[in-house]
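Here's a quick tour of one structure, taken a piece at a time. Have the sequence and the 3D view open as you read.

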Amino acid sequence: MKKTIFTGAGVAIVTPMNPDESINFDRLGQIIDSQIENGTDAIVICGTTGESATMTDQEHVDCIEYAVKRVNGRVPVVAGAGSNHTSYAVWMSKEAKRVGADALLHVTPYYNKTSQTGLIRHFNAVADATDLPIILYNIPGRCAVNMTAETSLRLAHDLDNVVAIKEASGSFEQVKAIVEGAPEGFCVYSGDDSATYDIMKLGGVGVISTIGNVAPARMKVIVELCAAGKWEEAAAANERLMPLMEGLFKTANPILVKEALKLAGFPVGGVRLPLVNATAEQSAELERTMREVGVL
């Protein structure tokens, strides 16, 4: 039986920045507290939404350590530790454990365009280096490689501490195959807010959410209704929030998530290059969408 890290709505939180682009830890603490107060089931730190790709090693470790201390055991802290360099992914996994993370999120190696054999060897190396539970993260749109259902299931069956997958392949057939072939206790999370309803209907147990930065309580309601099998109510709640789920991804994440937080009166600073902040036109469209769904 695999160890379940969480069920429900985890949130991949943004990393707030000061005007000089240093990390605003005071604001990060406020984000964490607000998320937990709104029912978020897990804090995912240093993910894509957290701009981990632009962090120095020290910033990355400091953010994980700060999140662990701020959360103080209230919910699990899942640390993004993935890399396209296997040795670095191993090192970051060990650092995340050292500073107290409860679990790891490991994206498939990006840019290298490795084979399925390469993915298996990569994740075996990571799993062998730590006893922390690992969530695999499959997002071919960012990584240029799709981890097939066969590969995901091989890792799930062969590696005791590979306990879940965050699936953002866009293929419900692939999700269905993973759910049906997974060992007992292996969890499938949606990696795309707009797919959460459908993935949970296939047997997924929740989401690692982006929109949860802006509307955590609303996303929590959707996953709770799905978990309770109240599919008509869940579909209605999902449909009401769908324009914002889709609207936040009209340009690269987390540009519009940070803009949405600013529009909601909770500014978290801008994004780091090579990303650029939302344009006036993008902001105006986003504000209309937020009002449409009732977030503003």
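## A helix pair

Helices α9 and α10 run roughly antiparallel to each other, because the angle between them is over the 145 degrees that this label asks for. In this predicted model, the two pack at an angle of about 150 degrees, and their axes lie 9 Å apart. For orientation, α9 covers residues 216-227 and α10 covers residues 231-247.

As for handedness, α9 and α10 cross in the left-handed sense. On the α9 side, the contact is made by Arg-218, Met-219, Ile-222, Leu-225 and Cys-226. From α10 come Trp-231, Glu-233, Ala-234, Ala-237, Asn-238, Arg-240, Leu-241 and Met-245.

## Strands β1 and β2

Now over to the strands. β1 (residues 8-12) pairs with β2 in the parallel sense, over 3 bridges. Look for Gly-10, whose bridge partner in β2 is Ala-42. Together with helix α1 (residues 25-37), β1 and β2 form a right-handed β-α-β unit.

Strand β2 (residues 42-45) is covered on both faces. Ala-42 and Val-44 are buried on one side, and Ile-43 and Ile-45 are buried on the other.

β3 then pairs with β4 (residues 103-107) in the parallel sense, over 3 bridges, and Gly-80 has Leu-105 of β4 as its bridge partner. With helix α3 (residues 86-98), β3 and β4 make a right-handed β-α-β unit.

## Zooming in on Val-77

Is Val-77 buried or exposed? Its relative accessibility is 2%, and the cut-off for buried is under 20%, so Val-77 counts as buried. This residue belongs to strand β3.

Setting aside neighbours within four places in sequence, Val-77 is in contact with Ile-43, Ile-45, Ala-67, Val-68, Val-71, Ala-101, Asp-102 and Ala-103. For a sense of distance, take Leu-202, which is 125 residues from Val-77 along the chain: the C-alpha atoms of the two are separated by 26 Å.

How values were computed:
Residues numbered from 1 in each chain as written. Predicted model: local features only at pLDDT ≥ 70, side-chain atom pairs only at ≥ 80, totals over all residues. Heavy atoms only, no water. Buried < 20%, exposed > 50% of the residue type's maximum accessible area, 1.4 Å probe, protein only. Helix = DSSP H or I, 4+ residues; strand = E, 2+ residues; numbered from the N terminus. Pairing = 2+ DSSP bridges. Right-handed = clockwise from strand over helix to strand, strands pointing away. Axes fitted to C-alpha atoms, helices over the stretch in contact; angles between N-to-C directions. Parallel < 35°, antiparallel > 145°, perpendicular 65-115°, else oblique. Left-handed = near helix turned anticlockwise from the far one by under 90°. Contact = heavy atoms within 4.5 Å.
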